[in-house]
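User: I have a model open and would like to talk through a few spots in it. Can you take me through them one by one?

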Amino acid sequence: MSVEYDQLLDEHSKNVKKAFYWIKKSLPEILIDIPGVDYELMILLHDDTKTIPSQYNAYDEWVFGKRTKEVEENFKYARLEHIQMNGHHWQHWVYIDSDAKLHVLDMPYEYIIEMLCDWWSFAWKCGDLYQTFDWYEENKKKIKFSKKTRATVEELLDKLYNEILRVRGPRKC
């Protein structure tokens, strides 16, 4: 086990929770009530599959080890497994059928919320809560969302941006 990787997982988990609890306090209206959905439990368990050996070891080696071809290949399999086990990744909702046709499914709302907390966690880490909006603008053409999911994501990002602006004021840098 790697102390550095454990610390990275712990820090990411804490930042996902910061993002979620900020939303819960400042924008509770976006945490719509969905039968059977427990947002807090989802956030508590966020990325817990990264602790199973097949993912843990490959991620640890990729992040902190020497990036050999074998390490890269192991990471690709671990990343695929992680995405397949975790609906908060947009890639989870994209598949290629037997005719090689790409299909993009609607993401369930609760996973959109978790995905936004995941994305926003990196802004909490760097101390620039506006960073996520820059990242999304730079990457949105690469992200495969259904029309419904994209509309929901962008509506929520707008609400989040406006609330940060209201609470924290304009970006300082």
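Analyst: Let me start with Asp47, which is buried, with a relative accessible area of 6% (buried means under 20%, exposed over 50% and partly exposed in between, with a 1.4 Å probe and protein chains only). This is a predicted model, in which local features need pLDDT of at least 70, side-chain atom pairs count only at pLDDT 80 or more, and totals for chains, interfaces and linings use all residues. Residues are numbered from 1 along each chain as its sequence is written, and side-chain values use heavy atoms, with hydrogens and water left out.

User: Where is Asp47 found? And what is its phi?

Analyst: Asp47 is found in the loop between helix 2 (39–44) and helix 3, where helices (H or I, at least four residues) and strands (E, at least two) are DSSP runs numbered from the N terminus. Although Asp47 is not a glycine, its phi is positive, about 60 degrees.

User: Ala100 next, buried or exposed?

Analyst: Ala100 is exposed, with a relative accessible area of 62%, and it lies in the loop between strand 1 (94–96) and strand 2 (102–104). Ala100 is not a glycine either, yet has a positive phi of about 65 degrees.

User: Switching to Ser146, which side chains does it make polar contacts with?

Analyst: The side chain of Ser146 has a polar contact of 2.5 Å with that of Asp106 and another of 2.9 Å with that of Thr149. A polar contact is a pair of N or O atoms within 3.5 Å; within protein, one must be able to donate a hydrogen and the other to accept it, and residues adjacent in sequence count only if both atoms are side-chain atoms. Ser146 is itself buried, at a relative accessible area of 9%, and is found in the loop between helix 6 (131–139) and helix 7 (147–168).

User: Now the helices: how do helix 1 and helix 5 cross?

Analyst: The axes of helix 1 (residues 3–26) and helix 5 (residues 109–126) come within 8 Å and cross at roughly 105 degrees, the axes being lines fitted to C-alpha atoms over the stretch in contact, with angles from 0 to 180 degrees between N-to-C directions. The two helices are therefore roughly perpendicular to each other, a label for angles of 65 to 115 degrees.

User: How many residues of helix 5 are buried?

Analyst: Helix 5 is mostly covered, since 14 of its 18 residues are buried, and it is followed by Gly127, whose phi is positive, near 85 degrees.

Technical notes. Parallel < 35°, antiparallel > 145°, perpendicular 65-115°, else oblique.
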